[in-house]
2 protein chains.
Amino acid sequence: MLEELEDDTRAIRRDATRARILAAAWELARRDGVAAITLRDVARQVGMRAPSLYTYFPSKNAMYDAMYADGARELAQTLSRRAEVSDPRETLRNRIRLFIDFCVADPVRYQLIMERPIPGFEPTPESFRITIDALADTRADMEATGVRGESALDMWRALITGLVSLQIANDPGGDRWTRLQDDALDMFLAHHADGPTGARRPERKGGEA
Amino acid sequence: MLEELEDDTRAIRRDATRARILAAAWELARRDGVAAITLRDVARQVGMRAPSLYTYFPSKNAMYDAMYADGARELAQTLSRRAEVSDPRETLRNRIRLFIDFCVADPVRYQLIMERPIPGFEPTPESFRITIDALADTRADMEATGVRGESALDMWRALITGLVSLQIANDPGGDRWTRLQDDALDMFLAHHADGPTGARRPERKGGEA
DNA sequence: GTCTATATCCAGATAGAC
DNA sequence: GTCTATCTGGATATAGAC
């Protein structure tokens with residue numbers, strides 16, 4: 001029968017339209033903020049009316065979830081490009097650069113994936129999983145430099161989060177904070193890693209001056 | 001005449017009602033988020049209907065601005081309590097603790113003052129000024145420890161911002177990140193200050209290992 | 001000063017014709 | 001699959017009675 005072929009064609013067209021809708025949603029989100037987009041505007045952007053979108057997404061939150069998955073996949077793809085070199089510190093540095101560049105390249109995408117900017121929306125577990133997996137290897141790169149412990153990872157997350165969020169909030173398009181990333185890593189490693197032996201520092205108290 | 005006395009009494013009652021309205025607004029903001037509060041709900045909370053609020057605030061944004069000024073004054077008052085001790089590092093440590101405690105004690109207040117959580121609202125210059133002034137002395141405390149330069153201050157802001165925002169977002173009510181504050185300061189000072197002489201480190205390149 | 005009633009606007013979502 | 005028309009609900013803000 002020809003029916004199966006027709007079904008395939010139909011599915012392909014459907015996916016293409018879905019992609020067009022998502023692209024329009026991203027464009028409006030970048031212009032007005034993620035939380036500000038409306039189904040009416042998204043529909044107009046692709047030459048439709050709002051109710052037609054319900055053919056492709058059962059709800060607005062479902063559309064948000066598809067956007068989230070989009071961004072999470074882009075993050076995964078970006079980090080997969082990190083180069084592994086002989087010096088583990090340079091490997092880590094490379095990963096950090098990829099991550100920070102990803103964040104500041106599209107602040108709205110960053111917010112959608114890393115923060116929770118839309119009241120009432122949180123990603124489905126399947127979509128969230130993509131983000132988790134993408135970030136999971138950071139720990140290995142970190143430990144390869146001799147850094148151990150949850151506290152050290154938490155400290156590092158804080159440092160990177162702070163650099164990115166201040167960059168986006170106070171110097172969008174610039175590099176006032178992102179240019180500190182290498183210095184930040186030097187500072188962090190000097191404090192948390194004790195060279196190739198990987199011996200751990202004491203938990204705190206009594207500076208090393 | 002008695003008219004002036006009556007005017008005073010009336011003004012006092014008006015201010016008291018304004019304060020009751022603001023308290024209600026804060027309560028709802030803490031429960032549902034700053035951006036989610038509605039005039040209807042705030043009014044109900046104080047036993048009124050929404051239009052009555054316009055006697056006390058000319059617009060919703062004016063109410064937000066009053067809330068902003070509230071929070072900013074509380075920040076100023078908090079930081080004014082910082083103890084100045086002989087060791088400038090301990091003085092700085094004390095200020096940081098006050099600041100971080102202030103932030104995590106009321107995440108919604110933190111967001112209103114330090115971020116821009118409400119589309120279409122930004123504080124009036126007079127209200128914003130309160131925040132600026134409250135934070136201005138941090139630089140002096142920092143420089144008293146021998147740290148110099150805008151980059152160092154930017155790095156420090158990033159570190160604190162990261163600790164606070166991760167704490168609020170991922171461990172509300174806990175101390176997973178806030179307990180790192182002393183360690184963060186040690187790390188930062190070890191990297192950015194060169195002891196009492198105050199000599200500056202090179203701008204970057206070539207680790208100090 | 002507070003109320004009711006209402007203007008005005010906009011949102012997400014559904015029904016049903018075509 | 002897409003449309004028009006509509007439901008349902010909520011928001012800020014204003015007019016005018018009391």
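1. Six residue pairs are in polar contact across the interface of chain A and chain B, both residues of each pair at pLDDT 80 or more. A polar contact here is a pair of N or O atoms within 3.5 Å; within protein, one must be able to donate a hydrogen and the other to accept it, and residues adjacent in sequence count only if both atoms are side-chain atoms. Helix 7 (150-170) and helix 8 (181-192) of chain A are the elements that give two or more residues to the side of chain A that touches chain B. Helix 7 of chain A gives the most, with twelve residues. Helices are DSSP runs (H or I, at least four residues), numbered from the N terminus.

2. This is a predicted model, in which local features need pLDDT of at least 70, side-chain atom pairs count only at pLDDT 80 or more, and totals for chains, interfaces and linings use all residues. Residues are numbered from 1 along each chain as its sequence is written, chains are lettered from A and ligands numbered from 1 in the order in which they are written, and side-chain values use heavy atoms, with hydrogens and water left out.

3. The rule also finds two salt bridges between chain A and chain B, a salt bridge being a side-chain nitrogen of Lys or Arg within 4 Å of a carboxyl oxygen of Asp or Glu. In a salt bridge, R176(A) meets D154(B) at 2.8 Å, N to O.

4. Chain A and chain B each put 26 residues into the contact (heavy atoms within 4.5 Å). About 2500 Å² is buried between the two chains, 60% of it on carbon and sulfur atoms; buried area is the accessible area (1.4 Å probe) that two parts lose on being put together, summed over both.

5. Chain A superposes on chain B by a rotation of 179° with 0.0 Å of shift along the axis, at RMSD 0.1 Å. The same surface serves both copies, as 100% of the contact residues of chain A recur in chain B.

6. DNA strand D is surrounded by 15 residues, the closest being S52(A), Y56(A), T38(B), R40(B) and Y54(B); near means a heavy atom within 4 Å. Phosphate oxygens of DNA strand D lie 2.6 Å from a polar side-chain atom of S52(A) and 2.7 Å from a side-chain N or O atom of Y54(B).

How values were computed. Copies are superposed by least squares on the C-alpha atoms of residues with pLDDT of at least 70 in both.
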